[in-house]
Amino acid sequence: MTLERVRNNFPILHLGCVSLMSLSGCQSDAAKEKRKMKNLFTWVTTMTTCPTLSKDQYLVLDPELQALYDQAVALSRADGIVDQAAIATLYKAAAEKGHWPS
């Protein structure tokens with residue numbers, strides 16, 4: 001193709017290339033989604049057991065610290081005026097002694 005013919009046909013060539021690129025992109029996304037769903041379906045159908053909770057997965061909580069935490073939660077859920085400083089103090093005391101939920 002000569003340079004003159006390319007210049008004359010540039011809009012047509014450009015439109016054709018853009019159309020092909022946009023169509024191939026859409027098909028690519030649809031194919032990726034289809035492949036992803038197939039993999040998910042395969043995983044679900046081949047899964048035989050669910051993981052079980054291990055007894056030593058979480059640290060054992062100290063009852064005294066859990067009491068402080070529960071008191072802070074109860075104060076934060078109380079109706080009326082809430083003493084934010086007292087709640088923060090209880091949470092802080094439990095956290096400083098190693099209560100991980102605090």
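## A crossing of two helices

Helix 3 passes helix 4 in a left-handed crossing. This is seen in a predicted model. The two axes, those of helix 3 and helix 4, come within 9 Å and cross at roughly 160°. Angles over 145 degrees count as roughly antiparallel, so helix 3 is roughly antiparallel to helix 4.

On the helix 3 side, the residues are Leu65, Leu68, Tyr69, Gln71, Ala72, Val73, Leu75 and Ser76. Helix 4 answers with Ala86, Ile87, Leu90, Tyr91, Ala93 and Ala94.

## The core between them

The largest nonpolar core has six residues. They are Leu65, Leu68, Ala72, Ile87, Leu90 and Ala94. Helix 3 spans 63-76 and helix 4 spans 84-96, and each supplies at least two residues of this core.

Ala94 is one member of the core. Beyond its neighbours within four places in sequence, Ala94 is in contact with Leu65, Leu68, His99 and Ser102.

## The whole chain

The protein has four helices and zero strands. Read from the N terminus, its elements run α-α-α-α.

Of the protein's 102 residues, 8% count as buried. The protein exposes about 9,000 Å². Carbon and sulfur atoms supply 63% of that area.

Contacts can also be sorted by distance along the sequence. Among contacts in the protein with a separation of 6 or more, 48% come from residues 24 or more positions apart.

Terms used. Residues are numbered from 1 along each chain as its sequence is written. This is a predicted model: local features need pLDDT of at least 70, side-chain atom pairs count only at pLDDT 80 or more; totals for chains, interfaces and linings use all residues. Side-chain values use heavy atoms; hydrogens and water are left out. Buried means under 20% relative accessible area, exposed over 50%, partly exposed in between (1.4 Å probe, protein chains only). Contact means heavy atoms within 4.5 Å. Accessible areas come from the Shrake-Rupley method with a 1.4 Å probe; for residues, only the protein chains shown count as cover. A nonpolar core is a set of buried Ala, Val, Leu, Ile, Met, Phe, Trp, Tyr and Cys residues joined through side-chain atoms within 4.5 Å. Axes are lines fitted to C-alpha atoms, for helices over the stretch in contact, and angles run from 0 to 180 degrees between N-to-C directions. Angles under 35 degrees count as roughly parallel, over 145 as roughly antiparallel, 65 to 115 as roughly perpendicular and the rest as oblique. A crossing is left-handed if the near helix is turned anticlockwise from the far one by less than a right angle, and right-handed if clockwise.
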